[in-house]
Amino acid sequence: MELWYSEMHTKDVKMSIRVDKQLYSGKSEFQRIDVFESPEFGRFLTLDGIMMLTEKDEFIYHEMITHVPMAVNPDAENVLVIGAGDGGTIRELTRYDNIRHIDMVEIDEQVVEVSRRFLPQTACRLDDTRVTINYDDGLRFVRRKHNDYDLIIVDSTDPFGPGEGLFTSEFYGNCFDALTENGILVNQHESPYYSDDAKAMQRAHKRIKELFPICGVYQAHIPTYPSGHWLFGFASKAVHPLDFDAERWNALGLETKYYNTELHKGSFAIPNYVKELLENAM
């Protein structure tokens, strides 16, 4: 008998992955957590039946959400990461020696525990001495911060359930206040392809654009996310995402599988249909 994991991307589109076995299934206070083993994608994590990451393609997401802002501001010292319980974003950030402190805010401690146990590829740097893990609601946590962070990365789930508050105007306004003068906000920005995802992307973009004088969107191809076409938001008080020193970043000698400084520039060249969606964001 074959076992398959299936996820509905729309009511008419379904993605399925053949599964060798289920490694974990549990329900926390906030959500259902499952880990599967598959022949094509290795181990993968789902929350409430929605794909969060696979061992095979997680590097794309985590490199793009981290190295794009770090290339723009390689002097960032204090970083806030909201979500990211799997540890992948933390893994990439801790590769920068100049970062002095990382506050990670994850609402669900069980996600971190499951990731440590079953996903060591991503959770391998959660014990770095520069990392403080705060089990708290991200919206509540950031309200208490003012001019504290050079970079905020919102590595959240989709805009419903535990992650819903991380897509509100209040949250983005609190992030603005928590950032330093040259601070950068980066968030996972959903997919522009299917209509429901595109509407969520438009709402987030509109709310961020109302607050930040510099606001852009960049993209990556992530095979196991809906449509494979995924967006990230970049917002800042003062620095432009294409105004960066590529030679300086390359001199760091960081080995990456997806990100490079040429791709950095190209990732902000978005298709016309996405431009239209952003321009018409309501």
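**A hairpin, some salt bridges and a pocket**

Let's start with strand 5 (residues 42-47), which runs antiparallel to strand 6 and is joined to it by four bridges; strands count as paired here if DSSP finds at least two bridges between them. Helices (H or I, at least four residues) and strands (E, at least two) are DSSP runs, numbered from the N terminus. This is a predicted model, in which local features need pLDDT of at least 70 and side-chain atom pairs count only at pLDDT 80 or more, while totals for chains, interfaces and linings use all residues. Residues are numbered from 1 along each chain as its sequence is written, and side-chain values use heavy atoms, with hydrogens and water left out.

Back to the hairpin: two residues sit between strand 5 and strand 6, and Asp48 in the turn has a positive phi of about 50 degrees. Thr46 has Met51 of strand 6 as its bridge partner. Strand 6 (residues 50-54) is mostly covered, with five of its five residues buried (buried is under 20% relative accessible area, exposed over 50%, partly exposed in between, with a 1.4 Å probe and protein chains only).

Now for the charged pairs. The structure holds 17 salt bridges, each a side-chain nitrogen of Lys or Arg within 4 Å of a carboxyl oxygen of Asp or Glu. One of them pairs Glu37 with Arg43 at 3.2 Å, N to O, and Arg43 is partly exposed at 24% relative accessibility. Arg248 and Asp75 meet at 2.5 Å, N to O. Because Arg248 lies in helix 8 (residues 246-251) and Asp75 in the loop between helix 1 (58-72) and strand 7 (78-83), this pair ties together parts that are 173 residues apart in sequence. Asp136 and Arg140 form another salt bridge, at 2.7 Å, N to O; here Asp136 is buried at 12% relative accessible area, whereas Arg140 is partly exposed at 44%. Glu58, Arg91, Glu92 and Arg95 are linked in a salt-bridge network.

Last stop: the second largest pocket, with a volume of about 210 Å³. A pocket is an open set of points on a 1 Å grid over the protein atoms alone, where a 1.4 Å probe fits, with protein on both sides within 12 Å along at least five of seven lines; lining residues have an atom within 4 Å of a point. The volume is the space filled by probe spheres set on the points, which are joined across faces, edges and corners. Helix 7 (195-209), strand 12 (214-221) and helix 10 (272-279) each supply at least two lining residues. Among those lining the pocket are His205, Cys215, Phe268 and Lys275. By class, the lining has five nonpolar, two polar and three charged residues.

Terms used. Ala, Val, Leu, Ile, Met, Phe, Trp, Tyr, Cys and Pro count as nonpolar, Asp, Glu, Lys and Arg as charged, and the others, Gly among them, as polar.
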